[in-house]
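Trainee: I have a model to go through before the meeting. Can you walk me over it?

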Amino acid sequence: MKTGVDWVTIRNARHPFYDFCDEALEDIRRQGRYRSFTPLARQAPRYPVYEEEIDPVPGETPEGREVIVWSSNDYLGMGVEPEVCEAAIAAIREHGAGAGGTRNIAGTSPLHKRLEAELAALHGKEAGLLFVSGYVSNQASLQTILTSMPGWICFSDRCNHASMIAGIKGARGSTTVIFEHNDLADLEAKLAAAPIDAPKLIAFESVYSMDGDVSDIAGICALARKYGAMTYLDEVHAVGLYGDEGGGVSQRDGVADQVDIIEGTLAKGFGVHGGYITASAQIVDYLRSSASGFIFTTSLPPSIAAAALASVKLVRAQNWRREKMFERVNEFRRRMRAAGVPFMMTASHIVPVPVGDAELCKKISRRLLDEYGLYATPINYPTVPKGTERLRLTPGPYHTDEMMDQMVTALLRLLTEEGLRPGAEGTAQAA
Ligand SMILES: Cc1ncc(COP(=O)(O)O)c(C=O)c1O
């Protein structure tokens with residue numbers, strides 16, 4: 001052997017990946033980025049109440065304690081809506097638990113077809129295509145599009161979600177140009193500098209979920225037209241919440257018809273699970289026939305499709321759900337402001353509370369849970385840049401005034417005790 005190491009040594013040694021994992025985990029811990037999950041059992045009829053299971057005394061029944069969750073992405077509480085749950089239960093009774101195959105191998109039920117038609121109608125597009133998650137819909141669609149023809153250039157917003165980046169990076173042979181976040185001047189300069197005849201795609205989001213800021217869809221579409229680019233819009237944190245029927249910011253702004261491909265999730269505003277794209281008939285047909293992440297995986301269980309279909313129909317028809325959520329978000333901000341608790345004012349429903357340090361962020365989250373029975377997820381690197389760690393709160397229709405007062409009181413005390421003096425310069429944008 002070239003290295004001078006013999007096979008006996010190799011066979012007797014631990015594979016180097018084990019040591020690699022130990023060292024990498026140690027490094028992650030040192031940086032305060034070690035991820036521990038808090039198991040919380042949602043109590044559907046009492047949402048946003050969850051139960052935290054306290055470690056059982058051996059031989060005794062495990063005890064639970066109530067926790068109010070402030071970080072769910074089930075923004076409208078559709079995942080606990082009785083009609084949605086009943087649709088899933090009825091579909092399980094009728095069709096069983098799983099789909100039993102890929103879409104091609106007996107895994108397409110009439111429910112999948114109906115849901116795709118409903119989603120296409122929601123966004124005013126010719127067709128829709130379901131994926132097993134929002135992540136997969138982005139990754140599979142972008143990778144497939146950007147490897148379809150030679151010479152693709154993808155103009156990608158700097159803050160795009162990991163799933164979009166995975167698809168863009170996985171598209172071998174295409175070129176990626178990153179434009180500064182929501183910066184149309186930078187995007188235009190980069191579009192203008194690109195070869196005139198290259199196929200171009202602009203990939204961006206409507207609501208950026210960590211900062212809660214919103215993109216200028218009309219402006220980006222105007223640039224796309226000017227430079228002959230296609231547009232791919234992730235509306236994951238906007239579907240269900242914005243627009244007359246919950247079609248997202250593109251629907252609210254009246255520009256859905258200007259976007260070539262609208263991608264969304266069924267797991268957040270619609271409260272169920274799964275992802276999708278909607279677009280022209282030929283784009284959807286091409287992805288249906290070519291996207292590996294669509295073709296080679298078992299399709300969503302019929303129960304999930306049934307629940308999602310019930311949810312989308314309700315959300316489209318009932319504006320009061322959106323109104324209620326925004327009323328609660330505004331009320332929460334009003335109470336935070338009145339009490340002097342710092343938060344980042346955003347143009348969306350998301351209320352980030354800046355902390356600026358990974359360890360401290362985890363500590364405050366833990367103290368909220370231990371001392372007050374409140375849960376707010378700590379958001380650390382790599383989800384956000386180092387130094388911008390935060391708690392991310394998502395008030396929803398089921399957060400009562402009393403729950404809000406509890407959270408405001410707890411934050412005021414904990415942020416003060418941890419040296420993040422409310423109102424101090426640098427801790428938050430003026431709200
Ligand atoms: C912007 C964005 N796109 C896509 C996804 C993936 O969606 P899903 O959770 O349905 O996989 C997420 C998940 O949080 C997201 O934030």
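Predicted model: local features only at pLDDT ≥ 70, side-chain atom pairs only at ≥ 80, totals over all residues.

Trainee: Ligand first. Which residues are around it?

Mentor: The shell consists of Ser-133, Gly-134, Tyr-135, Asn-138, His-161, Ser-163, Glu-205, Asp-234, Val-236, His-237, Thr-265 and Lys-268. By class, that is 2 nonpolar, 7 polar and 3 charged residues.

Trainee: Which helix gives the most to that shell?

Mentor: Helix 5, residues 134-146, with 3 residues.

Trainee: And what lies 2.6 Å from a nitrogen atom of the ligand?

Mentor: An N or O atom in the side chain of Asp-234. On the oxygen side, a backbone N or O atom of Gly-134 lies 2.9 Å from a ligand oxygen, and for a backbone N or O atom of Tyr-135 the distance to an oxygen atom of the ligand is also 2.9 Å.

Trainee: How much of the ligand does the protein cover?

Mentor: On its own the ligand has 390 Å² of accessible area, and the protein covers 84% of that.

Trainee: Switching to packing. Which residues touch the most other members of the largest nonpolar core?

Mentor: Ile-202 and Leu-411, in a core of 83 residues. Helix 12 (residues 302-317) gives the most to this core, with 9 residues. Apart from that core lies another, of 24 residues, including Leu-129 and Phe-294.

Trainee: What does Ile-202 touch?

Mentor: Leaving out residues up to four places away in sequence, its contacts include Phe-155, Phe-179, Leu-187, Ile-220 and Met-230.

Trainee: I also marked Ile-277. Is that one buried or exposed?

Mentor: Ile-277 counts as buried because its relative accessible area is 0%, and the cut-off is under 20%. Ile-277 is in strand 10, residues 275-279. Beyond its sequence neighbours, Ile-277 is in contact with Phe-131, Tyr-232, Ile-261 and Val-284, among others.

Trainee: Now the backbone. Where are there cis peptide bonds?

Mentor: One joins Tyr-47 and Pro-48, with omega about 15°; Pro-48 is in the loop between strand 1 and strand 2. Another joins Tyr-381 and Pro-382, with omega about 10°, and Pro-382 sits in the loop between strand 13 and strand 14.

Trainee: What is phi for Ala-106?

Mentor: Near 60°, a positive value in a residue other than glycine. Ala-106 is in the loop between helix 3 and helix 4, and it counts as exposed because its relative accessibility is 70%, where over 50% is needed.

Methods
Residues numbered from 1 in each chain as written. Heavy atoms only, no water. Near = heavy atom within 4 Å. Polar contact = N/O pair within 3.5 Å; in protein donor to acceptor, adjacent residues only side chain to side chain. Areas by Shrake-Rupley, 256 points an atom, 1.4 Å probe, with all protein chains shown as cover. Helix = DSSP H or I, 4+ residues; strand = E, 2+ residues; numbered from the N terminus. Nonpolar A, V, L, I, M, F, W, Y, C, P; charged D, E, K, R; others polar. Core = buried A, V, L, I, M, F, W, Y, C linked by side-chain atoms within 4.5 Å. Buried < 20%, exposed > 50% of the residue type's maximum accessible area, 1.4 Å probe, protein only. Contact = heavy atoms within 4.5 Å.
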